[in-house]
Amino acid sequence: MCGHLFTGHSESTARSSVKDGDTVTHTEVTTKKSSFSTSAVGKTRASKAPLGQAISPFAKFQQLDKQTSKSAPSSPKTPGTAGAPLFKFTDPKLSRSASSVKDKLLYWSQSKTKEYKNIQIENFSTSWSNGLAFCALIHHFCPDAFDYDTLKPEERRKNFELAFRVADDKAGIAPLLDVEDMVMMRKPDWKCVFTYVQSIYRRFKDED
């Protein structure tokens, strides 16, 4: 808020004459008045959204997933639901053992990697944090792409890079997960992992 001061001036003149014999005296009085007024000028400060706001890993993942979903085959839909993917397994054991989409995909991942060492898939977060679960799942469908037995749990970066590269090169599965993000996080966002594993399922669901 800024204040401005304005000053105005006005003046008036009074004249009078007095005659004393042969002498005439003229008197002139000038009166000056000053007036002051103030006005306030309000200044509005526009708020600006912060520039360069950090994007969460999941937000970035969603952007990538939208770009690749246009070319990816559509998942079967449940009648009467809005876009919810339905996992229909030919193996009746899978249908009986899993009650939800998430559970079904988890069970599917377990069934494809149960013969691999150093693998214990119990969720879509920490169970995938060293990269071996991704490698085992991809190796199950692309066994000639690399030697799984040479991989080590502590070589996390190598495992992520290998799994994502082979999935992309051999199966056309876009690398939606970022290697740097996965290496930094010991507890990955389960939604990111779940959606990437879902893309692997969509690619291989009819092959095994």
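Here is a walk through the nonpolar core of this model and the helices around it. Keep in mind that the model is predicted.

Let's start in the middle. The largest nonpolar core has 40 residues, and the members that touch the most others are Trp128, Phe134, Tyr148, Phe164 and Tyr196.

Take Trp128 as a way in. Skipping residues up to four places away in sequence, Trp128 touches Ser109, Ile121, Asn123, Ala133, Phe134, Leu137, Phe160, Met182, Val193 and Val197.

Next, look at H4. Nine of its ten residues are buried, so this helix is mostly covered. The buried ones are Leu132, Ala133, Phe134, Cys135, Ala136, Leu137, Ile138, His139 and Phe141, and they pack against H3, H5, H6 and H7.

How do H4 and H7 sit against each other? Two packed helices are described by the angle between their axes and the distance between the axes. For H4 and H7, the angle is about 5 degrees and the axes are 11 Å apart. Anything under 35 degrees counts as roughly parallel, and therefore H4 and H7 are roughly parallel to each other. On the H4 side, the contact is made by Phe134, Leu137, Ile138 and Phe141, while H7 brings Val193, Tyr196, Val197, Ile200 and Phe204. Sorted by class, this contact has nine nonpolar residues, no polar ones and no charged ones.

Now over to H6, the helix that holds Met182. Met182 has a relative accessible area of 2%, and because buried means under 20%, Met182 is buried. Leaving out neighbours within four places in sequence, Met182 is in contact with Trp128, Phe134, Arg156, Phe160, Phe164, Leu177, Pro188 and Val193.

Finally, a word on cysteines. Cys135, one of the buried residues of H4, has a relative accessibility of 0% and so counts as buried. Cys142 also counts as buried, at 13% relative accessibility. How many disulfides does the structure hold? A disulfide is a covalent bond between the sulfur atoms of two cysteines, and this structure holds zero of them.

Terms used. Residues are numbered from 1 along each chain as its sequence is written. This is a predicted model: local features need pLDDT of at least 70, side-chain atom pairs count only at pLDDT 80 or more; totals for chains, interfaces and linings use all residues. Side-chain values use heavy atoms; hydrogens and water are left out. A nonpolar core is a set of buried Ala, Val, Leu, Ile, Met, Phe, Trp, Tyr and Cys residues joined through side-chain atoms within 4.5 Å. Buried means under 20% relative accessible area, exposed over 50%, partly exposed in between (1.4 Å probe, protein chains only). Contact means heavy atoms within 4.5 Å. A disulfide is a pair of cysteine sulfur atoms within 2.5 Å. Axes are lines fitted to C-alpha atoms, for helices over the stretch in contact, and angles run from 0 to 180 degrees between N-to-C directions. Helices (H or I, at least four residues) and strands (E, at least two) are DSSP runs, numbered from the N terminus. Angles under 35 degrees count as roughly parallel, over 145 as roughly antiparallel, 65 to 115 as roughly perpendicular and the rest as oblique. Ala, Val, Leu, Ile, Met, Phe, Trp, Tyr, Cys and Pro count as nonpolar, Asp, Glu, Lys and Arg as charged, and the others, Gly among them, as polar.
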